[in-house]
Amino acid sequence: MDNDEPLEPETKDEPETEPAAQNSDETFYCEAEASVAVEKEKPGGESSETDLEIEDTEKLFTTGQRELYLEACKLNISNNDLGLKGASTISEFLQRNTSSLLNLQLSGNNFKDEAAELFCQAFSANYRIKTLDLSHNEFSDKGGEHLGQMLALNIGLQSLDLSWNHFHTRGAVALCNGLRANVTLQKLDLSMNGFGNEGATALGEVLRLNNSLVYIDVSSNDISNEGVIKISKGLEFNESLKVLKLFLNPVSMDGATLLILSIKRNPKSKMEEIDISNVLVSEQFVKILDGVCAIHPQLDVTYKAVQGFSAKKELLLWTNPMKLIQSYADQHQITVIDFFKSLNPNGRMMMSVGDFRKAMIQQDKVPMNPYQVRELIKKLAEKTGMVNFSCWCLGGALRIMKPGGIKNCGLCYGSIKTAKFSPDAFNVSLA
């Protein structure tokens with residue numbers, strides 16, 4: 001149909017015609033969500049029976065199908081040096097707000113502050129994109145102002161990566177001003193920038209007010225104890241943050257102590273992980289941390305080392321936790337999976353990392369220290385933030401299937417006699 005051709009009345013029946021050819025930038029479109037989106041947009045006045053039909057449709061996705069669906073709604077055009085012209089094309093496309101893209105990867109494209117202004121226009125209106133990666137670009141403080149404005153207006157983004165850019169004080173404060181108004185963002189990576197203590201002060205105010213962020217990474221941002229004091233004050237009031245990464249900042253043990261004490265003073269804190277893995281601590285710090293963990297058993301703090309710890313003490317801390325659990329299971333004639341399932345009130349095979357850490361610290365069947373629990377989580381946790389008990393022996397069993405592979409379990413180090421797979425179960429028998 002020509003652009004100047006008058007539209008026919010809507011009441012007139014028209015024969016079906018072939019859809020018009022797509023523009024080149026419409027290749028961004030992901031069709032995987034189309035049928036689902038139509039069902040989700042049914043009027044709110046429909047009966048509850050209709051709602052149940054939608055839920056049943058969603059249940060048809062198996063884990064593998066869901067992963068394929070999410071992968072189909074992902075666009076990765078990183079490291080293509082797209083520059084301002086590419087940013088303009090992407091911005092125009094996103095402002096249509098018709099694409100089913102959920103995940104957009106734009107890392108390493110030489111985007112500068114002018115591109116940030118275009119993205120501000122796009123994401124102030126677009127609510128469909130859930131994950132956005134703008135890391136390894138050339139945004140500076142002016143870009144931070146544009147992106148801060150975008151954060152204040154956007155109601156769709158859940159995960160944003162702005163690491164490895166050039167934000168300093170002015171850009172950091174602008175970003176934090178945007179975060180104060182944002183209610184949807186859950187994960188934010190700001191590592192490898194230059195926030196400094198003034199930026200940390202602004203971030204502390206965000207933490208005091210924001211109750212949607214669950215993950216913040218401000219590693220390598222030139223934040224010292226002065227900035228940590230401000231962050232700690234915010235943590236005393238925060239009820240949502242679970243992960244805080246402060247690695248490679250010039251923080252001393254005094255600053256680290258302030259951090260953990262802020263968690264102790266907040267009975268509603270949900271903090272699960274604090275990364276200060278470049279900080280050398282003392283045994284006194286460890287005692288204080290033990291007291292904090294008694295109140296918040298889900299908490300795990302990663303630090304560099306403990307001053308004056310002997311090699312013997314270190315060895316005791318790292319006794320293989322899987323061997324301890326296997327020994328307990330053998331003594332009580334139960335399976336290891338039975339032990340893990342007993343930790344979960346609903347008896348299921350999965351639980352969140354925080355709940356698992358809390359359960360392992362509080363259980364008294366196989367006493368463990370935080371270091372051993374951390375090692376367990378490394379073995380059993382998935383990228384989704386869930387601990388999967390069915391992973392028990394899975395790593396080792398998969399390796400022995402390969403020609404010339406080892407014949408013992410990668411978790412418990414026991415010799416594997418048989419390994420059987422089925423759609424519903426995975427069983428390993430140890431010799």
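Close-up 1. Look for D222 in the loop between β6 (215-217) and α9 (225-235); helices (H or I, at least four residues) and strands (E, at least two) are DSSP runs numbered from the N terminus. The phi of D222 is near 60°, a positive value in a residue other than glycine. Most residues other than glycine have a negative phi. This is a predicted model, in which local features need pLDDT of at least 70 and side-chain atom pairs count only at pLDDT 80 or more, while totals for chains, interfaces and linings use all residues. Residues are numbered from 1 along each chain as its sequence is written, and side-chain values use heavy atoms, with hydrogens and water left out.

**Close-up 2. N79 also has a positive phi.** Here the value is about 55°, although N79 is not a glycine. You will find N79 in the loop between β1 and α4. Is N79 buried or exposed? N79 is exposed, since its relative accessible area is 59%.

**Close-up 3. S91 is a buried residue in a helix.** S91 belongs to helix α4 (residues 83-95). With a relative accessibility of 1%, S91 counts as buried. Which residues does S91 touch, not counting those up to four places away in sequence? They are L118 and A122, where a contact means heavy atoms within 4.5 Å.

**Close-up 4. The open sheet has 9 strands.** Its order is β1-β2-β3-β4-β5-β6-β7-β8-β9, and the pairing is parallel (two strands pair if DSSP finds at least two bridges between them). At the edges stand β1 (74-76) and β9 (300-306), each with a single partner strand, so one side of each has no neighbour in the sheet. From one strand to the next, the twist averages 5°. Within the sheet, β4 (residues 159-161) and β5 (residues 187-189) run parallel and are joined by 3 bridges. For L160, the bridge partner in β5 is L188. On the sheet packs helix α10 (residues 253-264), touching β7 (243-245), β8 (273-281) and β9. The direction of α10 makes about 150° with that of β8; axes are lines fitted to C-alpha atoms, for helices over the stretch in contact, and angles run from 0 to 180 degrees between N-to-C directions.

**Close-up 5. Strands β7, β8 and β9 are linked by parallel bridges.** Between β7 and β8 there are 3 bridges, and V243 has E273 as its bridge partner in β8. How many bridges join β8 to β9? There are 6, and these two strands run parallel. Take I274, which stands opposite V301 in β9, and I276, which stands opposite Y303 in β9. From β8 the chain crosses through helix α11 (residues 283-295) to β9, making a right-handed β-α-β crossover. Another right-handed β-α-β unit is made by β7, α10 and β8. Right-handed means that, with the strands pointing away from the viewer, the path from the first strand over the helix to the second runs clockwise.

**Close-up 6. The largest nonpolar core has 71 residues.** Those with the most contacts inside this core are F119, I231, L244, I276 and Y303. Helix α5 (residues 113-125) gives the largest share of the core, 7 residues. Not counting residues up to four places away in sequence, F119 touches A87, I90, L106, F111, S124, L134, F139 and M150. There is also a second, separate core of 21 residues, including V336, F339, A359 and V366. A nonpolar core is a set of buried Ala, Val, Leu, Ile, Met, Phe, Trp, Tyr and Cys residues joined through side-chain atoms within 4.5 Å.

**Overview. The chain has 17 helices and 13 strands.** Of its 431 residues, 45% are buried. Among contacts between residues at least 6 apart in sequence, 77% join residues at least 24 apart. The chain exposes about 23000 Å², and 52% of that comes from carbon and sulfur atoms; accessible areas come from the Shrake-Rupley method with a 1.4 Å probe, and for residues only the protein chains shown count as cover.

Key: Buried < 20%, exposed > 50% of the residue type's maximum accessible area, 1.4 Å probe, protein only.
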